[in-house]
Amino acid sequence: MEGRSRPNALGNSLAPTHLHFYFHDKVTSPSPSAVRVVNPPNNTSLTFLGMVVVMDDPLTERPDPASKPVGRAQGMYVSSDQARIGFLQAMNIVLTAGSYNGSVVIVLGSNHISDIIREMPILGGTGHFRFARGYA
């Protein structure tokens, strides 16, 4: 995730901020972090058009899910593409560790899971990320 946080104390510059963490979107475990709340009305859709999933995914400092937690990705994704599997994703990246503890980054955008490179816009945030802009 890359973006710019709020202006410094003098209000005259934006400091670039680079965050690096790992999502753990568990959909099939006994205690999932992402839950399907709406099934597609047309069960023959190859892209699951109309499916809605609510998530509260752990974010960690390393790929191992048991590594240090640094936050949560809370929000939803909606299957919104008839041609390929793609989601409209709206989420808050809630940071819970380090100097950004208590700050939130707001992300909203298209997430086509088959794309090698995916970018979603950062639309703001709270705390250190008030007025944030950039991409995730």
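Predicted model: local features only at pLDDT ≥ 70, side-chain atom pairs only at ≥ 80, totals over all residues.
**Entry: the chain as a whole**

I listed the secondary structure of the chain and got zero helices and 10 strands. From the N terminus on, I read the order of elements as β-β-β-β-β-β-β-β-β-β. The chain has 136 residues, and 33% of them are buried. I then took the contacts between residues at least 6 apart in sequence, and found that 39% of these join residues at least 24 apart.

**Entry: S7 and its partners**

I went back to S7, which covers residues 86-95. Strand S6, residues 69-79, pairs with S7 in the antiparallel sense over nine bridges. One bridge I wrote down joins Val78 to Leu88 in S7. A hairpin of six residues leads from S6 to S7.

I next checked S7 against strand S8, residues 104-112. S7 and S8 also run antiparallel, and I noted nine bridges for this pair. Here Met91 stands opposite Val107 of S8.

**Entry: Gln89**

Is Gln89 buried or exposed? I found a relative accessible area of 7% for Gln89, and it counts as buried because that is under the 20% cut-off.

I then looked for a partner for the side chain of Gln89. It makes a polar contact with the side chain of Asn111, at 2.6 Å. Leaving out residues up to four places away in sequence, Gln89 touches Met55, Met76, Tyr77, Val107, Leu108, Gly109, Asn111 and Met120.

**Entry: the largest pocket**

I turned to the pockets. The largest pocket holds about 500 Å³ of space. Its lining has 21 residues, of which Phe23, Met91, Asn111, Arg118 and Met120 are the closest to the centre.

Which strand gives the most to the lining of the largest pocket? I found that S7 does, with three residues. Strand S3 (22-23), strand S5 (52-60) and S7 each supply at least two residues of this lining. By class, I recorded the lining as 13 nonpolar, three polar and five charged residues.

**Entry: the second largest pocket**

I put the volume of the second largest pocket at about 180 Å³. The residues I listed along its lining are Leu19, His20, Phe21, Glu61, Lys68, Val70, Leu95, Ala97, Gly98 and Tyr100. Sorted by class, they come to six nonpolar, two polar and two charged residues.

**Entry: His24**

Last, I looked at a residue in a loop. Where is the place of His24? I located His24 in the loop between S3 and strand S4 (34-38).

The relative accessible area of His24 is 11%, so this residue is buried by the under 20% cut-off. I then listed the contacts of His24, setting aside its neighbours within four places in sequence. They are Ser33, Asp57, Pro58, Thr60, Arg62, Pro63, Asp64 and Pro65.

Note on methods. Residues numbered from 1 in each chain as written. Heavy atoms only, no water. Pairing = 2+ DSSP bridges. Helix = DSSP H or I, 4+ residues; strand = E, 2+ residues; numbered from the N terminus. 1 Å grid on protein atoms, 1.4 Å probe; cavity = no way out; pocket = protein on both sides within 12 Å on 5 of 7 lines; lining within 4 Å. Points joined across faces, edges and corners; volume = space filled by probe spheres on them. Nonpolar A, V, L, I, M, F, W, Y, C, P; charged D, E, K, R; others polar. Buried < 20%, exposed > 50% of the residue type's maximum accessible area, 1.4 Å probe, protein only. Polar contact = N/O pair within 3.5 Å; in protein donor to acceptor, adjacent residues only side chain to side chain. Contact = heavy atoms within 4.5 Å.
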